[in-house]
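Here is a short briefing on a protein model.

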Amino acid sequence: MANSKYAYVRNYELPDSLLPGCFLVCRLDGHSFHKFSEEHGFAKPNDKRALELMDRAATDVMTEYKDIVLAFGESDEFSFLLRKSTNLYNRRQAKILTILTSYFTSCYVFHWSKYFPDTPMRYPPSFDGRIVLYPDERSVRDYFAWRQVDTHINNLYNTVFWALVQQGGKTAAEAHATLRGTVSATKHEMLFQQFNINYNDISTRYKRGSVLVQVPEDVPEIASETSTGHTVTQQMSSEESSGGKKKRARTMVEVLHCDIIRDEFWKARSYILAG
């Protein structure tokens, strides 16, 4: 910036560097997505197109920012884990948060027509975001376990709720009243007894969410469970760019639908929390 007599106003800007030595988790949430999904005719209880679009936007974000080593998505939210040693934008909170939020939103809009070719976007979506610091590996694992448990709880409720509405003829208020105070076993029984739906047969994508992993190319391929029983690999490798920039590690982003609560996931991918 030019040095002028007006430059003193910069003194009012507050430093917002995030603490060093901590993992960064940036969580993005769709703003007023209940309305957005209704306006655009999303299928209930789950719209595979919408979830795949979220995965694609998240994949693009991870491709652009290699310090994001893991992401987890469900419904209209995505959480991104940045490595503990990241110095992205000098760890400036506002810079990281605004860029990741705006880039994810831009990618969502950019790819919309690929996943909803017959549904024009009626108005632009928006996402809000926050960054939370976690001091150690245990708290990072517990964070992602929390999000995956939440995915299961929400999906089970929504599956029964929409069965009551779409097949049982109940109003939304009646369906909520029917489910009030019920436990998981009761919901499973309702699905099977009333609608002949075995919850265990529902796609793993819906029950476990999407797990995106930044995999170094020199790491051996790991067999991981997806909704189809296969590993899905999307995009990418990073090449040395022009202008003398430093060459970044070549990686690929894997999109999985697997259990991230138990030890097996983390032991097989120790590089995620390596720092």
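The angle between two helices runs from 0 to 180 degrees between their N-to-C directions, and each axis is a line fitted to C-alpha atoms over the stretch in contact. Keep that in mind for the helix pairs below. The model is predicted.

**Helices α2 and α3**
- Two packed helices are described by the angle between their axes and the distance between the axes.
- For helix α2 (residues 48–64) and α3, the angle is about 130° and the axes are 8 Å apart.
- Angles over 145 degrees count as roughly antiparallel and 65 to 115 as roughly perpendicular. α2 and α3 are therefore oblique to each other.
- Their crossing, α2 with α3, is right-handed.
- On the α2 side, the contact residues are L53, M54, A57, A58, D60, V61 and E64. They meet L100, Y103, F104, C107 and Y108 in α3.

**Helices α5 and α7**
- Helix α5 (residues 137–166) packs with helix α7 (residues 184–195) at an angle of about 35°. Their axes are 10 Å apart.
- The crossing of α5 and α7 is left-handed.
- From α5, the residues L156, Y157, T159, V160, A163 and L164 take part. Their partners in α7 are S184, K187, H188, M190, L191, Q194 and F195.

**Aromatic rings**
- There are 24 aromatic pairs in the structure.
- One of them joins Y108 and F127, edge-to-face. Their ring centres are 5.5 Å apart, with 65° between the planes.
- This pair links distant parts of the chain, 19 residues apart. Y108 is in helix α3 (residues 93–110), and F127 is in strand β4 (residues 127–134).
- Both Y108 and F127 are buried.
- Y108 and F127 also belong to one aromatic cluster, together with F33, F36, F42, F78, F80, F104, W112, F116 and Y123.

**Charges over rings**
- The charged end of K35 sits over the ring of Y123, 5.4 Å from the ring centre.
- R147 lies over the face of W146, 4.2 Å from the ring centre.

**Histidine 40**
- H40 is in the loop between α1 (33–39) and α2.
- Is H40 buried or exposed? Its relative accessibility is 3%, so H40 counts as buried.
- H40 and M121 are 81 residues apart along the chain, yet their C-alpha atoms are separated by 7.3 Å.
- Beyond its neighbours within four places in sequence, H40 is in contact with W112, T119, P120, M121, R122 and Y123.

Technical notes:
Residues are numbered from 1 along each chain as its sequence is written. This is a predicted model: local features need pLDDT of at least 70, side-chain atom pairs count only at pLDDT 80 or more; totals for chains, interfaces and linings use all residues. Side-chain values use heavy atoms; hydrogens and water are left out. Rings of Phe, Tyr and Trp (its six-membered ring) pair if their centres lie within 6.5 Å; planes under 30 degrees apart count as stacked, over 60 as edge-to-face and the rest as tilted. Helices (H or I, at least four residues) and strands (E, at least two) are DSSP runs, numbered from the N terminus. Buried means under 20% relative accessible area, exposed over 50%, partly exposed in between (1.4 Å probe, protein chains only). A charge sits over a ring if NZ of Lys or CZ of Arg is within 6 Å of the ring centre and within 35 degrees of the ring normal. Angles under 35 degrees count as roughly parallel, over 145 as roughly antiparallel, 65 to 115 as roughly perpendicular and the rest as oblique. A crossing is left-handed if the near helix is turned anticlockwise from the far one by less than a right angle, and right-handed if clockwise. Contact means heavy atoms within 4.5 Å.
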